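Dear colleague,

Please find below the structure that I am passing on to you. My notes on it follow.

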Amino acid sequence: MTTTESPASLLPPKSSRHVPGQPDMWVFVLFESLVFTSYFCVYLYARTQHEAAFLRSQAHLLLWLGVLDTVVLLTSSWAVARCVQHARAGRYGLARRDAWVTAGLGFVFLVLKIVEWARLIHFGHTFTSTQFFQYYFFLTAIHFVHLLIGFVVIGVLILQLKDPRRRRQETVETCATYWHTVDFFWVLIFALLYVVR
Amino acid sequence: MSTFNKRLFAVWLILVGITASYLWIDHSAGQRGVPTASTVITVGAICFALIKVRIIMREFMEVRGAPQLLCRLTDFWVVLMGVAMLGVYFAGKAVA
Amino acid sequence: MKRPALLDEPKRELWLAWYATVAFYSLYAIVFFLVTRTQPPGKPWYDPTQVVGWFANRHDGLLIGFAIIFVLGGLSATSIALITYSIRRMSVSRAFSYSYLVLYAVSAVPGFLFICVAMTVGAMRPERNPVIQRWLYDLGFLSFSGTMGVFLIGSLIWMTAILLDKNRVFPKWFAYLNLCNALTEVVVAPSWIFHVGAFAWNGVIAWWINVVVFGVYTGAFIYLLRCMILREDFGTGPLPDLPSRHWHTIFPAEVGAS
Amino acid sequence: MLVGDFSECAVPTKGNGAGLVSGFRIEGEAAERRRNARSQAASQTLTRLVDRLVSPPMNRTTGERIIFWALPGVAIVWIAAFFLFPGFLPPMSPKASAIQVAAFYAQHTSRIRYSMILFNWFCVALIPILMLIVERMRLMAHRTPVLRFCVIGVAGAAPIVFLTSTIFWLLAAFRPYRSPDLTLLYNDLAWITFTCGVPFLVALCLFVAVAIYLDQQAKPVFARWVGHFNLLIAVALVPAGFAGLTLSGVLAWNGFLSFWVKNVAIALWLIVMAVALGRTLGRERDAAEDFA
């Protein structure tokens with residue numbers, strides 16, 4: 001993997017290594033990951049018990065739409081990662097631009113999701129129609145709620161970057177950490193709902 | 001100093017690449033619209049997703065610059081999620 | 001005349017409220033899990049005769065357990081008061097503390113009074129028409145599990161107050177834990193829709209996972225309220241650290257800030 | 001104060017020396033600005049305080065007197081509703097069959113409706129009276145407002161229990177010709193809510209008692225015996241919570257303990273607390289260390 005053999009020079013010296021953002025946000029990331037993992041486990045178990053029915057319902061999803069969702073969110077994550085680096089270097093204008101790009105891509109994801117839901121409901125696949133769609137709508141909706149909270153978080157980020165008196169790198173990183181969390185939850189949800197067979 | 005971070009771009013490319021590979025997995029697995037159950041694809045999809053999660057944490061979330069404790073903790077979490085999900089999956093298979 | 005030590009303790013009201021909070025939550029857990037055995041909840045898919053059987057099975061437990069709640073349930077106000085006090089100690093508008101107080105004062109009625117009344121009425125007359133017995137059974141469980149709004153908004157109010165606070169009354173991670181708790185109130189909503197499965201009122205997701213989150217959350221805030229009382233200096237500025245030398249293991253965030 | 005100023009200010013601290021220095025500069029300016037704002041605010045507070053001191057002290061207490069003297073009026077309505085409701089004298093038996101209960105509602109429909117409408121209107125009138133007690137508690141020698149918050153926390157819920165029971169009684173009387181089983185259900189719900197619904201009243205009495213015991217000053221707001229009295233009332237309300245256990249005897253909802261002792265206790269509490277409140281109404285509020 002690309003991550004481990006990074007040149008030491010790119011990393012901050014050991015003494016100044018710091019937790020990105022508030023350490024407290026990481027409590028949220030780890031705790032909420034556990035909660036999501038438990039949802040995923042329940043889903044996977046239900047899946048194994050009714051494999052054929054799940055596959056039949058799953059066939060109604062468009063994989064390419066899921067891939068598009070994922071790419072959009074990954075790109076937004078990339079944008080917010082750049083935002084953090086710009087802010088750290090004091091390039092607040094660029095940082096703000098990237099924050100807006102993040103929010104914009106988040107909005108694109110939101111629209112894609114609503115279109116996808118509308119399409120499924122149009123074809124008669126609702127929250128109450130089959131077990132698979134129960135889980136599908138639950139997982140996508142709870143992720144959707146996290147994303148909506150993410151907009152508030154990005155709003156805070158933009159306000160922070162705007163006002164020189166408020167600018168705190170820690171808050172910027174905290175907000176970014178939240179957004180990445182929403183992103184990697186989607187990566188997992190995507191794999192579990194669209195790809196798993 | 002350039003404001004364009006090549007490393008982040010590379011990370012993004014890798015992540016998108018893995019995501020796109022799902023299309024190929026899907027294409028090679030199904031017999032034209034009739035999906036069949038496949039343990040290999042399930043395990044593969046979960047593992048790829050977890051690798052992506054780890055890359056996001058390491059690179060985007062900047063865990064690689066964080067204290068050792070957080071590095072280990074996040075790695076442990078990724079393993080924990082994987083073990084939990086795959087464990088439940090195989091347990092479910094055994095029961096079904 | 002000998003004065004009891006408690007009367008001279010400046011934090012006496014806070015400690016009384018805290019011990020009452022601990023007593024209330026212990027009592028609540030014992031009554032709901034052991035005495036009445038209404039938690040984990042009954043099956044939502046029971047037909048009327050099965051419901052009658054369910055009531056018959058725990059007849060005495062329901063009546064005695066909920067009678068205890070009828071008598072002591074009002075002690076829930078102590079935790080609400082203490083949390084309201086904690087929010088007032090923060091450097092945020094009073095609107096937050098009053099909102100919390102009113103939201104949770106309201107929550108007591110649907111939160112436990114309805115289930116107590118419905119289950120008592122059901123257990124009282126086992127010979128009642130089974131269809132009506134199931135009506136009471138539904139009322140009890142759904143009012144208890146499905147009372148979401150007050151806890152959702154209450155948790156968000158508390159979260160916002162902690163995040164804005166500069167007096168360090170609560171650690172910021174607890175604010176995020178509030179968010180986790182608020183999200184479980186979203187997750188429980190499908191219990192109004194499904195009779196079977198993970199999202200029913202006794203489901204793995206809508207009940208078991210939520211209860212674990214709620215348990216962690218409750219344990220955390222009871223512990224943190226204790227820390228707050230220990231740290232309270234009756235001033236208006238930032239709360240001092242815990243007098244223990246291990247305080248930094250409890251509030252890791254403050255290490256960086258101070 | 002100083003620490004507060006530091007934490008308020010946005011200073012990038014992590015390994016950035018220049019940021020730290022400029023941060024301090026910003027800090028200095030910001031602190032100056034804040035200090036000005038604060039002295040302005042202080043002078044405003046002072047004017048407000050002066051206003052309050054020179055205005056007649058009656059202003060504040062007049063409103064409290066109005067609420068207080070509304071109490072007898074409210075009490076009359078409560079007593080009227082109590083006697084108008086045909087199911088209280090004597091209290092309806094829990095052993096009555098569905099047919100008997102349905103017949104009762106069919107026979108007394110009007111009196112049930114009007115009495116319960118009255119009670120529905122006025123049961124929540126308890127809240128302003130409880131708020132008078134809350135205001136008295138401000139004057140107590142407490143270090144924190146926690147006990148006041150406790151009372152406010154139960155003050156809303158206590159009358160809502162009565163409100164809910166009136167709804168069930170009114171529903172039962174709304175269509176007396178419906179299936180007797182349903183009328184019996186409404187009747188049970190009403191009686192259990194009304195009789196067992198004491199948790200907030202018990203807690204209220206306990207909170208008031210504790211507040212009085214902790215009011216350690218030369219001239220306490222309420223006399224000590226009022227605290228003892230509140231404890232006694234709390235104890236008297238306890239048996240009513242167990243009314244669901246039996247259909248006959250002293251614990252049943254028409255029994256001596258659950259009906260007579262409980263309702264007489266509530267009435268006594270109102271009378272005694274009214275007298276105690278009346279004595280404190282004119283008192284100056286300067287004695288207490290008001291933490292609010």
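How much area is buried between chain B and chain A, and what percentage of it do carbon and sulfur atoms give? In this predicted model, the area buried between the two chains is about 5300 Å², and carbon and sulfur atoms account for 75% of that area. Chain A contributes 59 residues to the contact, and chain B contributes 57.

As to specific interactions, two salt bridges are counted between chain B and chain A. One of them joins the side chains of B:Lys93 and A:Glu51, with an N to O distance of 3.2 Å. Ten residue pairs are in polar contact across the interface, with both residues at pLDDT 80 or more.

On the side of chain B that touches chain A, at least two residues come from each of the helices α1 (6–29), α2 (39–60) and α3 (68–95) of chain B. Of the elements there, α2(B) gives the most, with 16 residues. By residue class, this side of chain B comprises 38 nonpolar, ten polar and nine charged residues.

One residue of chain A may also be of interest to you. A:Ser57 belongs to helix α2 of chain A, which spans residues 51–58. Is A:Ser57 buried or exposed? A:Ser57 counts as buried, because its relative accessibility is 7%, and the cut-off for buried is under 20%. Leaving aside residues up to four places away in sequence, A:Ser57 touches A:Thr130, A:Phe132 and A:Phe133.

With kind regards

Terms used
Residues numbered from 1 in each chain as written. Chains lettered and ligands numbered in written order. Predicted model: local features only at pLDDT ≥ 70, side-chain atom pairs only at ≥ 80, totals over all residues. Heavy atoms only, no water. Contact = heavy atoms within 4.5 Å. Buried area = accessible area lost by both parts, 1.4 Å probe. Salt bridge = Lys/Arg side-chain N within 4 Å of Asp/Glu carboxyl O. Polar contact = N/O pair within 3.5 Å; in protein donor to acceptor, adjacent residues only side chain to side chain. Helix = DSSP H or I, 4+ residues; strand = E, 2+ residues; numbered from the N terminus. Nonpolar A, V, L, I, M, F, W, Y, C, P; charged D, E, K, R; others polar. Buried < 20%, exposed > 50% of the residue type's maximum accessible area, 1.4 Å probe, protein only.
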